[in-house]
Amino acid sequence: MRHNPRTYLRAFTVALGLLIVLLSLLPLPEPAVGDFALADKIGHASAYLVLSLLVFACQLPGARLRALLVAIGCSLVLGGAIELIQPLVQRNRELADLLAN
């Protein structure tokens, strides 16, 4: 039985989304390095960029504008939800993280 490559793409996209949620909600020790803030924001931006590209790719072929808007919307909703939940797991809610997402 052959599987459609899109099935694997969708599965990988969901797995990456779950990994982002997991890493965003795990309690972390305080960083010792002062430049960590910039590295953290670059990490956020990179993870959400890759996730957005995968969500976009999962919708192709199709209307590209719609796919782009869905990808951006998914990243905004996921990033916003995580930032709202983080204080419940002893993490800080940061507007800068939401903007990086």
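P61 is found in the loop between α2 and α3 (64-85), helices here being DSSP runs of H or I with at least four residues, numbered from the N terminus. A cis peptide bond with omega of about -5° joins L60 and P61. The model is predicted: local features need pLDDT of at least 70 and side-chain atom pairs pLDDT 80 or more, while totals for chains, interfaces and linings use all residues. Residues are numbered from 1 along each chain as its sequence is written, and side-chain values use heavy atoms, without hydrogens and water.

**Helix α1**
- Helix α1 (residues 5-25) has 21 residues and reaches 31 Å from its first C-alpha to its last, close to the expected 30 Å (1.5 Å times one less than the number of residues).
- T13, L16, G17, I20 and S24 are the buried residues of α1 (buried: under 20% relative accessible area; exposed: over 50%; partly exposed: in between; 1.4 Å probe, protein chains only).
- Exposed residues Y8, F12, V14 and L18 sit on the face of α1 turned away from its buried side.

**Loops**
- L26 lies in the loop between α1 and α2 (36-58) and is partly exposed, with a relative accessible area of 38%.
- Q90 is in the loop between α3 and α4 (95-100) and counts as exposed, at 68% relative accessibility.
- Phi of Q90 is near 60°, a positive value in a residue other than glycine.
- Most residues other than glycine have a negative phi, and most peptide bonds are trans.

Terms used
Helix = DSSP H or I, 4+ residues; strand = E, 2+ residues; numbered from the N terminus.
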